[in-house]
Amino acid sequence: MLQLSAVRRQEPLGWGSCLVFLAALALAFVVSGLLLAMQGKPPAIALWLLVHSAFGSGYALEDCLIKAIPIFLCSLGVGLTFRLQIWNIGAEGQFALGAVGATWAALTFPGWPWYALLPTMLICASLTGSLWGIIPAVLRLKLKTNEIIVTLMLNYVGILILEYLVYGAWKDPGSFGFPMTSEFVPAAVVARIGDTRLNWGLLLCLAVGVLMTVFLRSTRLGFELRACGENVRAARYARMPYSLLVILVMGVSGALAGWAGFLEASATLGRLQPSIMSGYGYTAIVVAWLANLNPLIIAVSSFLLAGLRVGMESLQLDLQIPAAFGAIMEGFILLAVLAGGFFSRYRLHLRRIG
């Protein structure tokens with residue numbers, strides 16, 4: 001009788017891991033192509049259009065970078081919690097509360113100059129986003145609740161709070177019945193970089209990415225975070241501040257998602273409206289795992305997943321492909337890469353027993 005088992009590799013694959021990763025991506029695109037063929041769409045043309053629409057022009061690259069900014073900030077936050085094996089699925093709700101906090105500041109202090117108003121909006125977004133992250137952290141520590149369920153449910157609560165405000169107290173009387181706030185004053189809008197459509201949030205992403213890398217690699221708290229993530233019991237035995245780290249990473253993760261909401265409301269839309277919720281928080285989970293929680297690779301993966309979103313917009317217009325197909329592709333890519341990661345760490349061993 002033959003038995004198939006998985007055996008951990010003694011040494012990592014090295015460059016072989018890159019080949020496994022590329023093969024996993026190729027498999028995801030092949031499966032996506034088969035789905036397109038089942039709908040009567042030409043797979044080769046559709047996939048070429050997807051790539052060309054996302055990366056084939058300067059205008060498209062700007063679009064990718066604009067969408068990559070909120071994805072990167074949310075991904076960096078959830079990646080930090082995943083390192084501690086705290087499964088924060090709540091970046092979407094934290095993003096919503098960050099946008100709400102920033103909008104409150106913009107609508108409350110419209111007469112302030114930009115150098116006072118923009119920092120205030122950033123601080124408010126940090127506070128509301130981090131609050132939405134700390135709530136499930138405290139519930140996990142005090143009541144032993146499951147943070148996956150709590151953060152997921154808080155996503156819906158956060159989005160409903162946003163909708164309640166834009167349909168109610170903050171609704172612009174001159175919006176002809178559409179749910180949105182009034183336009184932000186110029187001082188509340190993050191400026192663009194030169195003559196491009198990019199905003200200065202890109203510089204914020206660069207600074208946060210560098211600081212996060214330094215924190216994880218060169219600080220005591222960063223070391224303790226990695227140690228607690230690898231073995232909680234050993235970390236507690238060594239008297240590492242596990243409870244403090246749980247609250248810290250959830251608060252920082254919520255603040256980063258809140259910053260993403262602030263930039264989307266201020267720099268991209270110039271107001272708050274329900275369409276701001278486009279799933280960046282859920283895409284962040286995919287990006288964090290694709291990047292193996294590495295801040296540098298998170299930046300690259302954010303750009304590529306943003307490109308997938310830009311390309312899907314063209315597919316919808318040119319080939320009438322449903323918008324949900326983009327989410328299906330994201331799912332296939334994540335599953336394929338996770339499966340590829342398994343084969344990078346393990347090898348299949350077939351032996352005869354009996």
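These legends describe close-up views of one predicted model.

The model is predicted, so local features need pLDDT of at least 70 and side-chain atom pairs count only at pLDDT 80 or more, while totals for chains, interfaces and linings use all residues. Residues are numbered from 1 along each chain as its sequence is written, and side-chain values use heavy atoms, with hydrogens and water left out.

**View 1. Phe 82 and Trp 87 form a tilted ring pair.**
A pair of aromatic rings is described by the distance of the centres and the angle of the planes. Here, rings of Phe, Tyr and Trp (its six-membered ring) pair if their centres lie within 6.5 Å; planes under 30 degrees apart are stacked, over 60 edge-to-face, and the rest tilted. The count comes to eight aromatic pairs. In one of them, the centres of Phe 82 and Trp 87 are 5.6 Å apart and the planes meet at 45 degrees, so the pair is tilted. Phe 82 is buried, at 3% relative accessibility. Trp 87 is partly exposed, at 27%. (Buried means under 20% relative accessible area, exposed over 50%, partly exposed in between, with a 1.4 Å probe and protein chains only.) Together with Trp 289, Phe 82 and Trp 87 form one aromatic cluster.

**View 2. Trp 104 and Phe 109 meet edge-to-face.**
Their ring centres lie 5.6 Å apart, and the planes stand at 90 degrees. Trp 104 is partly exposed, with a relative accessible area of 40%. Phe 109 is also partly exposed, at 22%.

**View 3. The charged end of Arg 197 sits over the ring of Tyr 59.**
The distance to the ring centre is 3.8 Å. A charge sits over a ring if NZ of Lys or CZ of Arg is within 6 Å of the ring centre and within 35 degrees of the ring normal.

**View 4. Gly 270 lies in the loop between α10 (242-269) and α11 (280-290).**
Helices are DSSP runs (H or I, at least four residues), numbered from the N terminus. Gly 270 is buried, with a relative accessible area of 14%. Which residues does Gly 270 contact, leaving aside its neighbours within four places in sequence? They are Ser 182, Glu 183, Phe 184 and Ala 265. Contact means heavy atoms within 4.5 Å. Gly 270 and Ser 182 are 88 residues apart in sequence, yet 8.9 Å apart in space, C-alpha to C-alpha.

**View 5. Lys 144 and Leu 293 each have a positive phi.**
Most residues other than glycine have a negative phi. Lys 144 has a phi of about 60 degrees. Lys 144 is found in the loop between α5 (114-143) and α6 (147-167), and is exposed, with a relative accessible area of 69%. Phi of Leu 293 is near 65 degrees. Leu 293 is in the loop between α11 and α12. Buried or exposed, which is Leu 293? At 11% relative accessibility, Leu 293 counts as buried.

**View 6. The largest cavity is lined by residues including Leu 76, Arg 83, Met 212 and Leu 293.**
On a 1 Å grid over the protein atoms alone, a cavity is a set of points where a 1.4 Å probe fits but cannot get out; lining residues have an atom within 4 Å of a point. The volume of the largest cavity is about 40 Å³, taken as the space filled by probe spheres set on the points, which are joined across faces, edges and corners. α3 gives the most to the lining, with four residues.

Key: Helices (H or I, at least four residues) and strands (E, at least two) are DSSP runs, numbered from the N terminus. On a 1 Å grid over the protein atoms alone, a cavity is a set of points where a 1.4 Å probe fits but cannot get out, and a pocket is an open set with protein on both sides within 12 Å along at least five of seven lines; lining residues have an atom within 4 Å of a point.
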